[in-house]
Amino acid sequence: MTVRAVCPGSFDPVTHGHLDVIYRAADTFDHVVVACMRNVSKRNSLFDLDERLAMLEEVTAHLPNVELAVFKGLLVEFARAREIDVIVKGLRAVSDFEYELQMAQMNRSIGQIETMFLSASPEHSFLSSSLVKEVARFGGDVSDFVPPVVAKRLADKYAEGEAG
Ligand code: PNS
């Protein structure tokens with residue numbers, strides 16, 4: 001049996017924390033769809049969809065069983081249409097748990113799909129796209145937290161005057 005997984009997210013931008021989950025999912029499941037949400041509702045979305053995908057493409061290109069996709073609307077509808085068996089999420093800390101549990105239960109209720117959690121590697125447990133953006137915005141070094149292509153895009157973006 002072939003097991004197809006989805007790693008969903010807004011990836012604004014992709015971090016080493018996301019990649020840790022994606023790489024481990026790729027080791028665990030036969031096929032992994034990294035699904036980038038089209039309409040990021042967060043007010044502080046920095047990168048547009050094409051930019052987020054370009055970064056994801058560059059850092060997952062070497063993984064033969066990983067595919068990139070875009071989704072909007074309900075994740076369970078996307079999963080159904082793509083014949084995906086399982087949603088894979090990373091859990092960083094207890095603070096992630098309550099919301100992630102709610103989403104997993106809702107998705108199982110409305111979409112009859114299981115969610116499996118991978119525990120974040122300890123070195124990534126504090127990492128989030130939001131914090132990386134904040135550090136980069138004020139000129140801090142984010143090279144430990146994101147791949148070089150992302151660090152470069154962050155520097156370019158804030159040099160364009162996004163810092164406000
Ligand atoms: O990277 P993020 O922003 O934490 O990802 C959140 C995401 C995209 C996984 C989540 O918001 C999601 O699944 N959105 C799709 C809409 C949906 O299906 N909502 C119902 C979930 S219970």
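Let's start with helix α4, residues 94–111: at 1.5 Å a residue, its 18 residues should span 26 Å, and the end C-alpha atoms lie 25 Å apart, which agrees. The expected span here is 1.5 Å times one less than the number of residues. Helices (H or I, at least four residues) and strands (E, at least two) are DSSP runs, numbered from the N terminus. You are looking at a predicted model, in which local features need pLDDT of at least 70 and side-chain atom pairs count only at pLDDT 80 or more, while totals for chains, interfaces and linings use all residues. Residues are numbered from 1 along each chain as its sequence is written, and side-chain values use heavy atoms, leaving out hydrogens and water.

Helix α4 bends by about 25° at E100, the bend being the angle between axes fitted to the seven residues ending there and the seven starting there. In α4, D96, E100, A104, N107 and G111 are buried, meaning under 20% relative accessible area with a 1.4 Å probe and protein chains only (exposed is over 50%, partly exposed in between). An α-helix has 3.6 residues a turn, so residues three or four places apart point the same way. The buried residues of α4 pack against α3 (75–81), β4 (86–91) and β5, where contact means heavy atoms within 4.5 Å. After the helix comes Q112, with a positive phi near 50°.

Now for the sheet. Its five strands form an open sheet in the order β3-β2-β1-β4-β5, with parallel pairing; two strands pair if DSSP finds at least two bridges between them. At the edges are β3 (66–71) and β5 (114–119), each pairing on one side only. Strand β1 (residues 4–9) runs parallel to β2 (residues 31–37), and six bridges join them. Here R4 stands opposite H31 in β2.

Finally, the structure holds two aromatic pairs. Rings of Phe, Tyr and Trp (its six-membered ring) pair if their centres lie within 6.5 Å; planes under 30 degrees apart are stacked, over 60 edge-to-face and the rest tilted. F71 and F78 make a tilted pair, 5.7 Å centre to centre with 45° between the planes. F71 counts as buried because its relative accessibility is 7%, and F78 does so at 9%. For F126 and F145, the ring centres are 5.8 Å apart and the planes at 85°, so this pair is edge-to-face. The pair links distant parts of the chain, 19 residues apart: F126 is in the loop between β5 and α5 (129–137), F145 in the loop between α5 and α6 (148–162). F126 is partly exposed at 48%.
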